[in-house]
Amino acid sequence: MSKVIAEIGINHRGSTEVAKELVQIAGDAGAWAVKFQYRAKSNFYSEVNEIGDEIISQELERTYLAPEDVLDITEFAKSLGLKVGISFFKFSDSADFGDDIHRFDFFKVPSAELLNFELVEQLTTLKKLIIVSTGGHSEEIIFRAVDQLRSVDNLVYLHCISNYPVLLGNQELGFMKRLADHVGQPVGYSSHDQDWEVCLFATALGANYIERHLTLDKNGSGLDDSSSSDPEEFVQLCRFTNTYQGLLGSDRREVNQGELINMQNLGSSLYALRDIEPGEDVGLDNCEIRAPRKGLTLSELEDVSNRAAKRRIEKGHAVTSLHFADAWKALDDDKIEFCNAHEFSIPIRLHDSQVLQNRFPIRNFELHLSYNEVYSYKDSPEEFLAKIHRDKKYSIHLPDYLPGNRLIDPLSTDSDIKSDSKQIIEVCNDLAVSLQELSGADVPVVGSFSRIVSEGKAATYQRLHDYLQAIKASRNVSIYPQWLPRIAWYFGGAEVLDMFCGTNDVAFVSDLGIEICLDLSHLILAANYDKADWREWCDTLLPLAQHLHIADAKGTDGEGIEFGKGELGDLSPYLKVPKRKVLEVWQGHLSEGDGFDKAINHLRSKYA
């Protein structure tokens, strides 16, 4: 994945407010870093006799930001989880920042200073990443500079065409491979293109960094505006570059979970035409093919060696592998004690609650509710509560959906979505209060909050924090936003999320002290998407976790896989956390909880 650097350059127009607005846009878009340019205010241009020199000199004077302003913006950028770099045209200018020079994460040598070897060597004393642009020079000169600087560690070259803007067809992107071969490592691309889409071709050719100017107005009067991206373009740039590896995938064809869900919803399976008693053979004489795919397909039934049912299949019910398996045994006392000692919880739905609670007579359960089930509690609380064991401890997972295929969003600008979301949440709060009275224990509520308000991500986090705090104060119910994967399977397709799932989200959550439900599987997937170390994220987020969802994961969309088959590794540090831990095994509820049973057996064998 290419790392996108938002070049702020002189597009801030000399205003710290505009600079921070550009930084915020870069952070919200998913950029890796922002970069500034700095020239000391006096004595940079020795002569301004030529028209071009006079124009540039006046522009630099107009857009000058003092070192203290640059450092203030730098801290703001870091608060958003962004890396920050700066360009110098001569090393003496860096002295204007004093000891604060070390607050920058990388330094940039502009194309015009490619042969300024003294500048590069002096920047190496700061022991940070150095990025060098190569525009305006022939390949012979570029290769000579590379050879001259081979002893310099942690140095990256960017292919660049020094036109402002570069018209389509003048990019010479084929040179990137020759440059990379000569350097001996991947190179990046510094874009001054009129068309931002050129950056996508550079990404496909292996660019490890994409530097792109960011402006509020491409048609503005600034010298760099025409070779920059406006916010809408920049968001698209980051969107595609950040998902590029996912576009490629591996050389294998893997079925993703969204496809599995769609095969269930859109496919068909066998359903009993009449009651089928134990011992009867199951086939098309007593079954029919119907949608959705809740059971075995005809081809899957043909793979069953003994088609005699071992359990009664009621008329109209889907035929599943469970009907050909021996009856399960309830969890034994040792496993119950193990689960309770670690505060393990099992997710249940209202329709399978009795079966799962009988098979797993442990202390904790999490109610995963649909909006219809929430409304059923509102209409008939006693009838709802009769379907679950009242002597257990519960947590509640809010529905993801509202009626009409809308995502729950209590901050929405759509008045209907906002009203319906708050009504669902209020009913869930009522249920939580009832369950707290029955059990004498707190009933945490977990929800997915994935929508950003128009004012931006920072405002969204603040408003959500205030909303949840108000509920806690008025109802004594804690709602914990769960950490999300970057890729969510909504509405039969995939959607890339941008709340509670990224590097800058870690910073927002930490700074506001938002208490969360930490889903370890989602955490791994989200960090992999961002090319980050999920363990580092976890170190920051775990102290804020008041509730845990645990399951293994791999890649960017391998959610809830069996323990031991993903990237989670040793669970010991998380089992010691004195919070409830929901076993979020993918489809663990099927066959009346076989997946949960397998997970408990695995965990007990390793951690008892």
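Select S591 to begin: this residue is buried, with a relative accessible area of 19%, where buried means under 20% relative accessible area, exposed over 50% and partly exposed in between (1.4 Å probe, protein chains only). S591 sits in helix α22 (residues 590-607), and its phi is positive, about 55 degrees, although it is not a glycine. Helices here are DSSP runs of H or I with at least four residues, strands are runs of E with at least two, and both are numbered from the N terminus.

You are looking at a predicted model, in which local features need pLDDT of at least 70 and side-chain atom pairs count only at pLDDT 80 or more, while totals for chains, interfaces and linings use all residues. Residues are numbered from 1 along each chain as its sequence is written, and side-chain values use heavy atoms, with hydrogens and water left out.

Next, go to E343, in the loop between α12 (333-341) and β11 (344-348). E343 is not a glycine either, yet its phi is positive, near 60 degrees.

Now for two cis peptide bonds. Select Y164 and P165, whose bond has omega near 5 degrees; P165 belongs to the loop between β6 (155-160) and α6 (175-183). Then pick A291 and P292, joined by a cis bond with omega about 0 degrees. P292 is in the loop between β10 (287-290) and α11 (298-302).

Move on to V255, in the loop between α9 (244-248) and α10 (257-266). V255 counts as exposed because its relative accessibility is 51%.

Finally, zoom out: the chain has 22 helices and 24 strands, and 52% of its 608 residues count as buried.
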